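Please open the model in your viewer and keep the selection panel at hand.

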Amino acid sequence: MTTSGLLALDLLASALTTLAWLGTGAAAAFRRPKVALALFPVAVLVTLARVACVIALARAGWWFVQEKVIVAVPLLGLTVLVAAVLAGPRLVEAARGRGVMAARPIVVMPLLGAGFAAAAGLVHTLLLGYPATWSTGLLTVALFGVALLVSWRVVCPPVRGLRPGASAILAVALLGTGLAFAPVEATDLGGGVSGERHEHQGQAVTALRGPNAPAEGGRVRRFMLTARTSTIALSSGKQVAAWTFNGQVPGPAITATEGDLIEVRLRNADIESGVTLHWHGYDVPSGEDGVPGLTQDAVLPGEEFVYRFLANQVGTFWYHTHEVSDLGVRMGLYGTLVVHSRNRAEGLDLTLPVHTFSGTTVLGNHDQPIQQRAYPGMPTRLRLVNTDNTPHRFTLSGTPYRLVAIDGNDLNEPGEVSKVGLRLPAGGRYDLAFTMPATGVRLLVDDRTEGLKLVPAATTGALDPAGTTGSVETIENVRTTTGTTDAAGTTGTAGSTGSATAASPTAGPVENTASWPELDPLAYGEPAAPPFDANEQVKRRFTLVLDQGLAMVDGRPMYAHTVNGQAFPNVPTQIVTEGDLVRITVVNRGRETHPWHLHGHRVLVLSRDGRAPTGAPLLLDTFDVRPGEVWEVAFRATNPGLWMNHCHNLSHADMGMALHLSYEGVTTPFHGAHGG
Ligand SMILES: [Cu+2]
């Protein structure tokens with residue numbers, strides 16, 4: 001069974017254990033000894049099942065069972081033992097004789113106690129989460145004590161000894177609460193040392209900026225993005241209230257060629273909360289990274305900020321605001337960033353950002369299928385970008401294809417696949433490549449939304465700029481390699497203009513793709529030498545255990561998404577030194593998927609659930625850590641600065657699941673507590 005299955009089973013067993021013991025206790029209290037006696041072995045059985053679950057879970061890692069082994073199981077075991085010794089024989093006696101015997105406190109209280117112990121363990125797991133500390137242990141015991149005391153008051157009046165009992169519980173609860181506010185370490189050195197001399201000692205992040213000139217042979221690509229509220233029309237005509245760059249959603253597609261200098265002037269017209277630009281997956285200098293309160297101040301209405309960085313990373317990326325990013329990105333403050341190599345191939349090249357506007361899935365700004373004519377034999381590349389908070393599943397029918405790049409990184413010898421599902425994490429990108437067949441090709445999103453239909457064009461040659469039939473719909477936000485005007489007003493290189501038509505579909509029937517197996521990127525492509533040797537001396541090791549629990553988020557108590565039991569900004573900052581080889585273990589013991597995203601670096605996947613990838617080396621900037629999964633990744637610290645390290649389900653990040661990773665010696669003049 002999978003770890004997430006075991007986690008669910010353990011919750012179920014805990015709930016059943018609670019119900020069984022409370023039911024036994026209640027039956028006794030209501031003088032039904034035969035019912036209680038019948039329930040007793042059931043309660044013992046589910047208790048044993050619960051313990052078996054914990055033992056099975058422990059094999060997946062200590063992170064998954066810590067609070068159960070330290071607090072829940074001992075408390076449960078002790079109370080069940082007491083119940084068996086005190087209540088068991090008397091219950092048998094009562095069942096034979098008079099029912100009234102069963103209602104004696106010495107029978108009822110131990111049975112209820114076992115139920116309260118089971119419930120307290122459940123509460124620890126659900127409300128307090130990871131890790132088990134003195135604080136969470138004491139609070140759990142106090143909760144158990146309160147329940148016991150209240151039922152004591154009900155079951156056996158007149159009561160004696162209640163007051164000292166209540167005082168003791170109060171003391172335990174206060175101590176547990178107090179310890180919860182004990183100061184935590186502000187930094188995590190990951191086992192490394194602090195105070196090493198290095199190049200960036202005392203350097204401000206504001207000095208870590210991009211260059212002013214392109215590389216030799218490159219050119220300057222200037223873009224102007226103005227953030228403003230607007231109402232936009234989707235392709236169906238449906239109106240959507242949005243936050244836009246230049247009045248459009250997605251924002252203008254930024255494209256460049258390797259060696260160019262990308263210069264983006266960001267202006268804010270009327271986004272009251274402010275706006276920034278973060279270049280997702282692009283390893284820009286830290287001062288260009290667009291994290292408010294860390295690398296810059298948020299750009300408020302009437303203000304501007306200019307970003308400059310070299311187009312030295314070929315591939316598919318995207319940009320988005322990082323100020324109140326959960327709301328801002330959801331409302332539309334995002335766009336695509338594609339950098340082409342200098343010897344770029346001709347062909348059809350479509351960038352397809354998927355997003356959800358009030359429940360409607362769109363590709364670009366299309367809430368209806370995009371129809372694109374393509375000539376058979378034409379090399380075709382589809383760049384899928386997930387700008388949502390949750391994963392999307394893509395299926396391509398009508399042709400075999402190769403998944404040539406993930407997160408902007410080319411894969412080694414990607415094999416041809418067909419009839420597979422591609423699960424794209426939030427924030428992630430997949431590049432698909434194939435030769436346009438003589439028949440149609442269709443892209444489905446989540447096995448139900450028709451995203452794109454590629455319809456074979458009748459003749460070979462250049463794409464017809466206007467389409468041949470009926471009304472012509474320009475595909476505003478779907479970029480072809482050719483002819484689409486970018487935000488700077490420059491047109492792409494050679495070729496002709498792609499177009500979409502409203503012609504009747506000839507992309508073939510819609511296939512039912514829901515049963516297609518999911519492609520595992522860790523088992524795809526051919527092994528090769530990784531970009532760095534992950535077995536050499538590791539300087540820093542960090543572990544991030546992701547969970548949910550009560551924690552302070554920006555000074556307010558919340559049911560937060562936590563990292564090692566803390567929420568932003570209280571999660572200790574990870575400290576690295578330039579040149580370090582850094583390993584990070586990410587553990588998900590929660591019930592939701594967490595797309596983990598480190599700014600400024602691409603990480604090499606070392607293992608998932610203890611198993612190394614069997615395919616091509618995988619460099620990712622966003623990886624889905626599903627419930628119960630344990631990922632180990634590594635990176636070389638070669639990009640000095642201050643970086644966010646967070647869940648890219650931005651609502652999770654907003655609810656605390658974020659931290660900083662800082663290069664030693666780099667400082668910030670900005671004091672925003674919130675990382676956006
Ligand atoms: Cu998350």
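**Pockets, a metal site and a loop**

Begin with β25, which supplies six residues to the lining of the largest pocket, the largest share. The model is a predicted one.

Next, display the whole lining of this largest pocket: 31 residues, with A180, V184, L550, G565 and Q566 lying nearest its centre. Two or more lining residues come from each of α5 (134–155), α6 (162–180), β25 (540–553) and β26 (556–563). The volume of the largest pocket is about 870 Å³. Coloured by class, its lining shows 20 nonpolar residues, ten polar and one charged.

Select β14 (379–386) among the strands that supply at least two lining residues; the largest share, four residues, comes from β14. This lining comprises nine nonpolar, eleven polar and eight charged residues.

Now select the copper ion. Which residues coordinate it? The donors are H594 (ND1), C647 (SG) and H652 (ND1), at 2.0 to 2.1 Å. Their spacing in sequence is H-x52-C-x4-H. C647 is buried, because its relative accessible area is 0%, and H652 is likewise buried, at 3%.

Finally, select T399, in the loop between β15 (392–397) and β16 (401–406). Is T399 buried or exposed? T399 counts as buried, since its relative accessibility is 9%. Beyond residues up to four places away in sequence, T399 touches F434, T435, P437 and V441.

Technical notes
Residues are numbered from 1 along each chain as its sequence is written. This is a predicted model: local features need pLDDT of at least 70, side-chain atom pairs count only at pLDDT 80 or more; totals for chains, interfaces and linings use all residues. Side-chain values use heavy atoms; hydrogens and water are left out. Donors are N, O and S atoms within 2.8 Å of the metal (3.2 Å for Na, K and Ca); water is not among the atoms, so sites may look incomplete. Buried means under 20% relative accessible area, exposed over 50%, partly exposed in between (1.4 Å probe, protein chains only). Contact means heavy atoms within 4.5 Å. On a 1 Å grid over the protein atoms alone, a cavity is a set of points where a 1.4 Å probe fits but cannot get out, and a pocket is an open set with protein on both sides within 12 Å along at least five of seven lines; lining residues have an atom within 4 Å of a point. Grid points are joined across faces, edges and corners, and a volume is the space filled by probe spheres set on the points. Ala, Val, Leu, Ile, Met, Phe, Trp, Tyr, Cys and Pro count as nonpolar, Asp, Glu, Lys and Arg as charged, and the others, Gly among them, as polar.
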